[in-house]
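Please open the model in your viewer and keep the selection tool at hand.

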Amino acid sequence: MACNFRCSSLLPSTTSSRLQPSSLPNKLRLWGLKRQIPAKSLVLKNASGPDQESVNGFSNRPTKFFTEEAIGAEYGEGFETFRPNEPLKVDVDFLNDRMQESCLQRIRYIMKPDEAFGLIFSWDNVVADSRSLKLSAWKLLASEEGKEIPTDGDIQRSMLYTNADQVLRKVLYWADEESELERLTARLSQLYFENLLKLREPIEGLKEWLDAVYTAGIPCAVASCLDRINLTAALQRMGLQKYFQTMVTEEDGMESIAHRFLSAAVKLDRKPSKCVVFEDDPRGITAAHNCTMMAVALIGAHPAYELEQADLAVGSFSELSVINLRRLFAHRGAAFMDLQKQIVEKTPPKRKLTTDTIF
């Protein structure tokens, strides 16, 4: 069955902007088929006292911070979504094939080539300094429990990038019993949430970079494991909400980092091969490449030598310019600007010798 798959309405968009996507029939809308919350996700309800419906004006609390997500799309696989007749499998090749530019879009991109790109920003350590938020939460928990945080670099890296229950049980040895483990992980998550409410400043140089790409008309998305309410509130406090046309959050039910990036590409109405991911983690860079996306690494949480696989690595957003985005795709050419011509090699005809030719 032939169908057009270029619309960002395939996944519900939550923010409006001057770049309004087109619409498609309802039969092609994508909705998460499997919204599974990992068993090791951190729940806040048993942290201290009875559960509360609202805290500081927020109706929902973040439930997943200190979990290690799968990279995903190792073989180009995507995710399944519902449609009226049967589940629809959406993978990398499917999106790159179906989300081709229309004739009118190609004309527009000839005049404004920068708008052909889509930018996807990871929340952790790219938009917000979540590394400091996590480390502060660990220190506060240690203070409450009368413990000390080891100064060893490997242990602190485990505290930031490994499942909290594994760190508490096998790295810090703070908990053995299951009930104690649940209490500590819940309290740790609550402390992180309290730190998140105090967040006011984005990563240095990000606002100026977003302002530049906003002026160039390049659509942007932010991908996070936070819930939609708290992510929106955090962006508002930092003054960044207007720069992001859409977001991918916990409600989208994506099961890996790569799936989150693919979901963002669909919402931006850009095929994955025309998207650029901004990441600080080697795992996120691998996920971007698995999705045929370009990856720009932000050096900081990880040293430069761990980010060698990135297409571009920078120390801060102040080093970037819009021309850098064009150069990332320079080796691919511009399919929407240059006609592709097939060259057929033909053997030149042999010259026949005649009497007139000889004499």
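Begin by selecting Glu-178, which counts as partly exposed because its relative accessibility is 45% (buried means under 20% relative accessible area, exposed over 50%, partly exposed in between, with a 1.4 Å probe and protein chains only). This is a predicted model, in which local features need pLDDT of at least 70 and side-chain atom pairs count only at pLDDT 80 or more, while totals for chains, interfaces and linings use all residues. Residues are numbered from 1 along each chain as its sequence is written, and side-chain values use heavy atoms, with hydrogens and water left out.

The structure holds 12 salt bridges.

Next select Arg-183 and Glu-180, whose side chains meet in a salt bridge at 2.8 Å, N to O. They are 3 residues apart in helix H6 (residues 178-197), which means a separation of about one helical turn; helices are DSSP runs of H or I with at least four residues, strands are runs of E with at least two, and both are numbered from the N terminus.

Move on to Asp-252 and Arg-228, which form a salt bridge at 3.4 Å, N to O. Asp-252 lies in the loop between strand S5 (246-248) and helix H9 (257-268) and Arg-228 in helix H8 (residues 228-238), so the pair ties together parts 24 residues apart in sequence. Asp-252 is buried at 8% relative accessible area, and Arg-228 counts as buried at 17% relative accessibility.

Finally, select Met-111 in helix H2 (residues 103-111), which counts as exposed at 64% relative accessibility. Together with Leu-104, Ile-107 and Ile-110, Met-111 forms a nonpolar surface patch with about 460 Å² of accessible area (Shrake-Rupley method, 1.4 Å probe, where for residues only the protein chains shown count as cover). Patches are made of residues with over 30% relative accessible area and no salt bridge, like charges being joined within 9 Å and nonpolar side chains (Val, Leu, Ile, Met, Phe, Trp, Tyr) within 5 Å.

Key
A salt bridge is a side-chain nitrogen of Lys or Arg within 4 Å of a carboxyl oxygen of Asp or Glu.
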